[in-house]
Amino acid sequence: MKILLTIHEIFNPDSGSAGSTFKLGQEYQKLGHEVSYYSFDDLPHWLPRPTKRVIFPEFVASKIMRHSDQQATYFDVVDASTGDAWLWGKFLQGFTKKTPVLVTRSHGLQHLQRLELLEKTNRDDKQKSLSWKYKLYRGSIQLWEVATSLRCADLVFLLNQSEKKYVTEQLGVDSEKVHIFPNGMPEPFLNLPFEPTPKEENVKIRIAQIGTYIPRKGIHYSVPALNRILARYPHVEVSFFGTECLMCPNVEKVYEDFDPEVRDRVKVVPRYRHETLPTLLKGYQIKLFPSISEGFGKALIEAMACGLAPITTATSGPLEIVKNDHDSIVVPTRDTEAIEQ
(Lines give C-alpha, C1' and ligand atoms only; values in the text may rest on other atoms or scores of the structure.)
Protein backbone atom coordinates (compact mmCIF):
# COMPACT_ATOMS: atom_id res chain seq x y z
CA MET A 1 0.00 0.00 0.00
CA LYS A 2 0.95 3.63 -0.44
CA ILE A 3 0.69 5.44 2.89
CA LEU A 4 0.93 9.17 3.53
CA LEU A 5 1.87 10.18 7.09
CA THR A 6 1.33 13.83 8.04
CA ILE A 7 2.43 15.74 11.13
CA HIS A 8 1.99 19.45 11.88
CA GLU A 9 5.55 19.83 13.16
CA ILE A 10 9.08 20.25 11.90
CA PHE A 11 9.99 16.72 10.80
CA ASN A 12 12.72 15.94 13.31
CA PRO A 13 13.09 12.17 13.86
CA ASP A 14 14.68 12.84 17.26
CA SER A 15 11.71 14.82 18.58
CA GLY A 16 8.49 13.64 20.24
CA SER A 17 5.48 13.49 17.92
CA ALA A 18 7.48 13.83 14.70
CA GLY A 19 9.85 11.12 15.91
CA SER A 20 6.93 8.81 16.67
CA THR A 21 5.53 9.46 13.19
CA PHE A 22 8.88 8.67 11.61
CA LYS A 23 9.21 5.40 13.53
CA LEU A 24 5.64 4.44 12.64
CA GLY A 25 6.55 4.93 8.98
CA GLN A 26 9.63 2.77 9.40
CA GLU A 27 7.49 -0.06 10.75
CA TYR A 28 5.11 0.25 7.80
CA GLN A 29 8.10 0.06 5.47
CA LYS A 30 9.33 -3.11 7.18
CA LEU A 31 5.95 -4.64 6.30
CA GLY A 32 6.52 -3.80 2.64
CA HIS A 33 4.45 -0.63 2.31
CA GLU A 34 5.49 2.53 0.48
CA VAL A 35 5.57 5.46 2.90
CA SER A 36 5.62 9.22 2.30
CA TYR A 37 5.84 11.96 4.93
CA TYR A 38 4.36 15.46 4.88
CA SER A 39 5.22 18.08 7.49
CA PHE A 40 6.07 21.74 8.02
CA ASP A 41 9.32 21.06 6.13
CA ASP A 42 7.28 20.73 2.93
CA LEU A 43 5.72 24.19 3.25
CA PRO A 44 7.48 27.35 1.97
CA HIS A 45 10.47 27.93 4.24
CA TRP A 46 9.77 31.67 4.56
CA LEU A 47 6.43 31.14 6.26
CA PRO A 48 6.47 31.74 10.05
CA ARG A 49 5.78 28.64 12.09
CA PRO A 50 2.44 29.93 13.51
CA THR A 51 1.27 30.56 9.94
CA LYS A 52 2.30 27.06 8.91
CA ARG A 53 0.22 25.65 11.75
CA VAL A 54 -2.89 27.52 10.60
CA ILE A 55 -2.67 26.73 6.87
CA PHE A 56 -1.22 23.21 7.09
CA PRO A 57 -4.62 21.50 6.50
CA GLU A 58 -4.94 23.37 3.18
CA PHE A 59 -1.56 22.09 2.05
CA VAL A 60 -2.45 18.54 3.15
CA ALA A 61 -5.68 18.68 1.15
CA SER A 62 -3.79 19.94 -1.90
CA LYS A 63 -1.24 17.14 -1.52
CA ILE A 64 -3.94 14.45 -1.42
CA MET A 65 -5.85 15.94 -4.35
CA ARG A 66 -2.73 16.12 -6.54
CA HIS A 67 -1.97 12.48 -5.92
CA SER A 68 -5.55 11.36 -6.57
CA ASP A 69 -5.48 12.27 -10.26
CA GLN A 70 -3.68 9.15 -11.45
CA GLN A 71 -3.82 5.55 -10.23
CA ALA A 72 -0.04 5.37 -10.15
CA THR A 73 0.22 8.15 -7.58
CA TYR A 74 -2.85 7.92 -5.33
CA PHE A 75 -2.54 7.02 -1.67
CA ASP A 76 -4.25 3.96 -0.23
CA VAL A 77 -4.04 5.37 3.31
CA VAL A 78 -3.74 8.90 4.64
CA ASP A 79 -2.57 8.68 8.26
CA ALA A 80 -2.80 12.24 9.60
CA SER A 81 -2.20 13.73 13.01
CA THR A 82 -5.22 15.44 14.60
CA GLY A 83 -6.50 18.40 12.62
CA ASP A 84 -4.29 17.86 9.56
CA ALA A 85 -6.87 16.35 7.19
CA TRP A 86 -10.11 17.96 8.31
CA LEU A 87 -10.49 20.04 5.15
CA TRP A 88 -10.01 17.11 2.78
CA GLY A 89 -12.07 14.78 4.96
CA LYS A 90 -15.07 17.08 5.31
CA PHE A 91 -15.25 18.80 1.92
CA LEU A 92 -12.97 17.31 -0.73
CA GLN A 93 -12.77 13.55 -0.48
CA GLY A 94 -15.91 13.17 -2.61
CA PHE A 95 -14.07 14.73 -5.55
CA THR A 96 -11.25 12.17 -5.70
CA LYS A 97 -11.27 9.26 -8.14
CA LYS A 98 -10.33 6.81 -5.40
CA THR A 99 -10.84 7.66 -1.77
CA PRO A 100 -8.01 6.54 0.53
CA VAL A 101 -8.65 5.22 4.01
CA LEU A 102 -8.44 8.23 6.33
CA VAL A 103 -6.79 7.75 9.72
CA THR A 104 -6.65 10.46 12.38
CA ARG A 105 -3.82 9.90 14.85
CA SER A 106 -3.42 11.64 18.22
CA HIS A 107 -0.11 12.61 19.81
CA GLY A 108 -1.93 14.18 22.73
CA LEU A 109 -5.52 15.31 22.36
CA GLN A 110 -5.72 19.11 22.19
CA HIS A 111 -9.10 19.24 23.95
CA LEU A 112 -7.67 17.60 27.08
CA GLN A 113 -4.68 19.92 26.98
CA ARG A 114 -7.10 22.86 26.90
CA LEU A 115 -8.98 21.56 29.94
CA GLU A 116 -5.70 21.31 31.86
CA LEU A 117 -4.75 24.83 30.78
CA LEU A 118 -8.11 26.20 31.90
CA GLU A 119 -7.72 24.51 35.28
CA LYS A 120 -4.28 26.08 35.68
CA THR A 121 -5.67 29.49 34.75
CA ASN A 122 -8.47 29.16 37.30
CA ARG A 123 -6.06 28.09 40.05
CA ASP A 124 -3.22 30.51 39.35
CA ASP A 125 -3.83 34.00 40.75
CA LYS A 126 -1.06 35.42 38.57
CA GLN A 127 -2.71 34.33 35.33
CA LYS A 128 -6.33 35.44 35.25
CA SER A 129 -7.01 34.75 31.59
CA LEU A 130 -5.62 33.06 28.52
CA SER A 131 -3.83 35.13 25.90
CA TRP A 132 -5.80 36.53 22.97
CA LYS A 133 -3.52 34.62 20.59
CA TYR A 134 -4.50 31.32 22.22
CA LYS A 135 -8.20 32.20 22.17
CA LEU A 136 -8.01 33.29 18.53
CA TYR A 137 -6.85 29.92 17.14
CA ARG A 138 -5.54 27.15 19.39
CA GLY A 139 -8.32 27.52 21.94
CA SER A 140 -11.13 27.76 19.40
CA ILE A 141 -10.65 27.20 15.66
CA GLN A 142 -8.02 24.48 16.05
CA LEU A 143 -10.23 22.54 18.47
CA TRP A 144 -13.02 22.57 15.88
CA GLU A 145 -10.58 21.38 13.20
CA VAL A 146 -9.36 18.55 15.44
CA ALA A 147 -12.92 17.47 16.26
CA THR A 148 -13.87 17.58 12.57
CA SER A 149 -10.85 15.47 11.59
CA LEU A 150 -11.81 12.88 14.21
CA ARG A 151 -15.42 12.69 13.01
CA CYS A 152 -14.42 12.42 9.34
CA ALA A 153 -11.87 9.65 9.87
CA ASP A 154 -12.42 6.00 9.00
CA LEU A 155 -10.13 5.03 11.89
CA VAL A 156 -9.05 6.99 14.95
CA PHE A 157 -5.88 6.10 16.85
CA LEU A 158 -5.64 7.56 20.37
CA LEU A 159 -3.08 7.21 23.15
CA ASN A 160 -5.17 6.48 26.25
CA GLN A 161 -8.63 5.70 27.59
CA SER A 162 -9.26 9.28 28.72
CA GLU A 163 -8.87 10.47 25.14
CA LYS A 164 -11.22 7.74 23.92
CA LYS A 165 -13.85 8.64 26.51
CA TYR A 166 -13.67 12.31 25.56
CA VAL A 167 -13.88 11.89 21.78
CA THR A 168 -16.75 9.41 22.00
CA GLU A 169 -18.79 11.10 24.75
CA GLN A 170 -18.03 14.78 24.12
CA LEU A 171 -17.21 14.91 20.40
CA GLY A 172 -19.63 12.24 19.19
CA VAL A 173 -17.08 10.05 17.43
CA ASP A 174 -18.26 6.49 16.74
CA SER A 175 -16.58 4.27 19.34
CA GLU A 176 -16.28 1.36 16.89
CA LYS A 177 -13.68 3.21 14.83
CA VAL A 178 -11.64 4.38 17.84
CA HIS A 179 -8.58 2.37 18.86
CA ILE A 180 -5.99 2.87 21.59
CA PHE A 181 -2.59 3.05 19.90
CA PRO A 182 0.25 3.28 22.46
CA ASN A 183 3.74 4.22 21.35
CA GLY A 184 6.29 1.45 20.97
CA MET A 185 9.79 0.99 22.35
CA PRO A 186 12.69 1.59 19.92
CA GLU A 187 15.27 -1.12 19.41
CA PRO A 188 18.19 0.69 21.19
CA PHE A 189 16.18 0.74 24.43
CA LEU A 190 15.47 -3.00 24.60
CA ASN A 191 17.33 -5.54 26.76
CA LEU A 192 19.78 -3.05 28.25
CA PRO A 193 22.14 -4.45 30.92
CA PHE A 194 21.21 -3.86 34.53
CA GLU A 195 23.51 -1.41 36.30
CA PRO A 196 23.12 -1.51 40.10
CA THR A 197 23.47 1.71 42.07
CA PRO A 198 27.01 2.00 43.52
CA LYS A 199 27.22 1.32 47.25
CA GLU A 200 30.02 3.77 48.08
CA GLU A 201 29.34 6.53 50.56
CA ASN A 202 28.59 9.99 49.17
CA VAL A 203 27.48 8.53 45.86
CA LYS A 204 26.00 11.06 43.49
CA ILE A 205 22.23 10.90 43.05
CA ARG A 206 21.33 12.07 39.55
CA ILE A 207 17.84 13.13 38.48
CA ALA A 208 16.86 13.37 34.80
CA GLN A 209 14.00 15.39 33.33
CA ILE A 210 13.46 14.69 29.62
CA GLY A 211 11.39 16.89 27.33
CA THR A 212 11.00 20.39 25.98
CA TYR A 213 11.24 23.21 28.51
CA ILE A 214 7.62 24.35 28.29
CA PRO A 215 4.85 24.87 30.88
CA ARG A 216 2.92 21.76 29.75
CA LYS A 217 5.89 19.66 30.82
CA GLY A 218 5.48 20.94 34.38
CA ILE A 219 8.60 23.09 34.65
CA HIS A 220 6.81 25.73 36.77
CA TYR A 221 6.37 23.08 39.46
CA SER A 222 9.43 20.86 39.07
CA VAL A 223 12.07 23.60 38.95
CA PRO A 224 11.20 25.13 42.36
CA ALA A 225 11.21 21.65 43.88
CA LEU A 226 14.55 20.78 42.29
CA ASN A 227 16.00 24.12 43.41
CA ARG A 228 15.22 23.30 47.03
CA ILE A 229 16.45 19.71 46.72
CA LEU A 230 19.78 20.85 45.25
CA ALA A 231 20.19 23.43 48.02
CA ARG A 232 19.52 20.83 50.73
CA TYR A 233 21.46 17.88 49.32
CA PRO A 234 24.95 18.64 47.90
CA HIS A 235 25.29 15.11 46.48
CA VAL A 236 22.28 15.54 44.13
CA GLU A 237 22.63 16.55 40.48
CA VAL A 238 19.92 17.37 37.94
CA SER A 239 20.00 17.19 34.15
CA PHE A 240 17.52 18.35 31.53
CA PHE A 241 17.52 16.57 28.17
CA GLY A 242 15.85 17.83 24.98
CA THR A 243 14.90 21.27 26.30
CA GLU A 244 15.19 23.15 23.02
CA CYS A 245 11.96 24.66 21.65
CA LEU A 246 10.59 28.03 20.50
CA MET A 247 10.00 29.05 24.12
CA CYS A 248 13.47 27.91 25.21
CA PRO A 249 15.91 28.15 22.29
CA ASN A 250 19.06 28.14 24.43
CA VAL A 251 20.40 26.61 27.62
CA GLU A 252 20.73 29.94 29.44
CA LYS A 253 16.97 30.05 29.98
CA VAL A 254 17.10 26.86 32.06
CA TYR A 255 20.11 27.90 34.12
CA GLU A 256 18.51 31.27 34.90
CA ASP A 257 15.65 29.46 36.64
CA PHE A 258 18.04 27.96 39.21
CA ASP A 259 19.76 29.69 42.10
CA PRO A 260 23.39 30.64 41.36
CA GLU A 261 24.57 28.51 44.31
CA VAL A 262 23.33 25.26 42.71
CA ARG A 263 23.82 25.89 38.98
CA ASP A 264 27.10 23.96 38.92
CA ARG A 265 25.04 20.81 39.59
CA VAL A 266 22.56 21.49 36.80
CA LYS A 267 23.26 20.19 33.31
CA VAL A 268 21.32 21.01 30.16
CA VAL A 269 21.42 18.99 26.92
CA PRO A 270 19.19 20.99 24.55
CA ARG A 271 19.09 18.33 21.82
CA TYR A 272 20.38 14.80 21.25
CA ARG A 273 20.09 11.89 18.86
CA HIS A 274 17.24 9.73 20.08
CA GLU A 275 19.17 6.47 19.94
CA THR A 276 21.90 7.94 22.20
CA LEU A 277 19.54 8.48 25.16
CA PRO A 278 20.46 5.17 26.88
CA THR A 279 24.10 6.27 26.87
CA LEU A 280 23.24 9.76 28.13
CA LEU A 281 21.21 8.31 31.01
CA LYS A 282 23.98 6.05 32.33
CA GLY A 283 24.68 6.95 35.93
CA TYR A 284 21.22 8.42 36.54
CA GLN A 285 18.86 6.88 39.09
CA ILE A 286 15.64 8.94 38.96
CA LYS A 287 13.40 10.02 36.10
CA LEU A 288 11.20 13.02 36.94
CA PHE A 289 8.14 13.37 34.71
CA PRO A 290 6.11 16.34 36.02
CA SER A 291 3.84 16.99 33.00
CA ILE A 292 0.45 18.60 33.59
CA SER A 293 -0.98 17.02 30.42
CA GLU A 294 0.41 13.98 28.64
CA GLY A 295 -1.17 11.72 26.06
CA PHE A 296 1.27 8.87 26.55
CA GLY A 297 4.69 9.49 28.08
CA LYS A 298 7.27 8.11 25.67
CA ALA A 299 10.15 9.61 27.63
CA LEU A 300 8.80 7.91 30.76
CA ILE A 301 8.92 4.36 29.43
CA GLU A 302 12.25 4.96 27.69
CA ALA A 303 13.86 6.17 30.91
CA MET A 304 12.40 3.18 32.76
CA ALA A 305 13.91 0.90 30.11
CA CYS A 306 17.25 2.56 30.90
CA GLY A 307 16.87 1.59 34.57
CA LEU A 308 15.66 4.88 36.08
CA ALA A 309 13.04 4.90 38.83
CA PRO A 310 10.09 7.02 37.68
CA ILE A 311 8.40 9.83 39.56
CA THR A 312 5.44 11.02 37.49
CA THR A 313 2.41 13.23 37.82
CA ALA A 314 -1.06 11.70 37.67
CA THR A 315 -1.83 12.52 34.04
CA SER A 316 -3.86 10.28 31.74
CA GLY A 317 -1.00 8.80 29.72
CA PRO A 318 1.36 7.80 32.56
CA LEU A 319 -1.51 6.43 34.65
CA GLU A 320 -2.01 3.74 32.00
CA ILE A 321 1.69 2.85 32.14
CA VAL A 322 2.64 2.81 35.82
CA LYS A 323 1.03 2.26 39.22
CA ASN A 324 1.86 4.20 42.36
CA ASP A 325 4.00 2.31 44.90
CA HIS A 326 4.32 -0.60 42.48
CA ASP A 327 6.68 0.53 39.72
CA SER A 328 6.64 4.28 40.31
CA ILE A 329 5.84 7.17 42.60
CA VAL A 330 2.80 9.07 41.30
CA VAL A 331 2.23 12.62 42.57
CA PRO A 332 -0.57 15.10 41.88
CA THR A 333 -0.17 17.51 38.99
CA ARG A 334 0.87 21.12 39.68
CA ASP A 335 2.19 20.24 43.15
CA THR A 336 5.70 21.47 43.89
CA GLU A 337 5.57 20.20 47.47
CA ALA A 338 4.61 16.69 46.34
CA ILE A 339 7.46 16.62 43.82
CA GLU A 340 9.93 17.74 46.50
CA GLN A 341 8.72 15.13 48.98
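In this predicted model, a side-chain oxygen of Asn-160 comes to within 3.0 Å of the backbone nitrogen of Ser-162, at the start of helix α7. The helix itself comprises residues 161–169, and Glu-163, Tyr-166 and Val-167 are buried in it. These three residues lie on the same side of α7, because they cover an arc of only 90 degrees around the axis.

**Aromatic pairs**

The structure contains 12 aromatic pairs. One of them joins Trp-86 and Trp-144, and the pair is edge-to-face because the ring planes stand at 75 degrees, with the centres 5.1 Å apart. Trp-86 belongs to helix α3 (residues 86–92) and Trp-144 to helix α6 (residues 141–152), so the pair ties together parts that are 58 residues apart in sequence. Trp-86 counts as buried, at 9% relative accessibility, whereas Trp-144 is partly exposed, with a relative accessible area of 43%.

The rings of Phe-241 and Tyr-272 also form an edge-to-face pair, with centres 6.5 Å apart and planes at 85 degrees. Phe-241 is in strand β8 (residues 236–241) and Tyr-272 is in the loop between β9 (266–269) and α10 (277–280), so this pair ties together parts that are 31 residues apart in sequence. Phe-241 is buried at 1% relative accessibility, and Tyr-272 is buried with a relative accessible area of 17%.

The two pairs are set out below.

| Ring pair | Distance of centres | Angle of planes |
|---|---|---|
| Trp-86 and Trp-144 | 5.1 Å | 75 degrees |
| Phe-241 and Tyr-272 | 6.5 Å | 85 degrees |

Elsewhere, ring pairs link Phe-11, Phe-22 and Tyr-37 into a cluster.

**Nonpolar core**

The largest nonpolar core consists of 26 residues, and those with the most contacts inside it are Tyr-213, Leu-226, Leu-230, Phe-240, Val-254 and Phe-258. Two or more residues of this core come from each of the elements α8 (219–232), β8, β9 and α13 (336–340). Helix α8 gives the most, with seven residues. When residues up to four places away in sequence are not counted, Tyr-213 touches Ile-219, Val-223, Phe-240, Thr-243, Cys-245, Cys-248, Lys-253, Val-254 and Asp-257.

Thr-313 is part of strand β11 (residues 309–313). What is its relative accessible area? The value is 1%, and Thr-313 is therefore buried, the cut-off being under 20%. A polar atom of the Thr-313 side chain lies 2.4 Å from the backbone oxygen of Ser-291. Apart from neighbours within four places in sequence, Thr-313 is in contact with Phe-289, Pro-290, Ser-291, Pro-318, Val-330, Val-331, Pro-332 and Thr-333.

Leu-308 is placed in the loop between α11 (298–305) and β11. At 4% relative accessibility, Leu-308 counts as buried. The C-alpha atom of Leu-308 is separated by 6.6 Å from that of Tyr-284, a residue 24 residues apart from Leu-308 along the chain. Tyr-284 is also among the contacts of Leu-308 that remain when neighbours within four places in sequence are left aside; the others are Ala-208, Leu-281, Gln-285, Ile-286, Lys-287 and Ala-303.

Definitions and conventions
Residues numbered from 1 in each chain as written. Predicted model: local features only at pLDDT ≥ 70, side-chain atom pairs only at ≥ 80, totals over all residues. Heavy atoms only, no water. Buried < 20%, exposed > 50% of the residue type's maximum accessible area, 1.4 Å probe, protein only. Helix = DSSP H or I, 4+ residues; strand = E, 2+ residues; numbered from the N terminus. Arc of directions from axis to C-beta. Polar contact = N/O pair within 3.5 Å; in protein donor to acceptor, adjacent residues only side chain to side chain. Phe/Tyr/Trp six-rings, centres within 6.5 Å; stacked < 30°, edge-to-face > 60°. Core = buried A, V, L, I, M, F, W, Y, C linked by side-chain atoms within 4.5 Å. Contact = heavy atoms within 4.5 Å.
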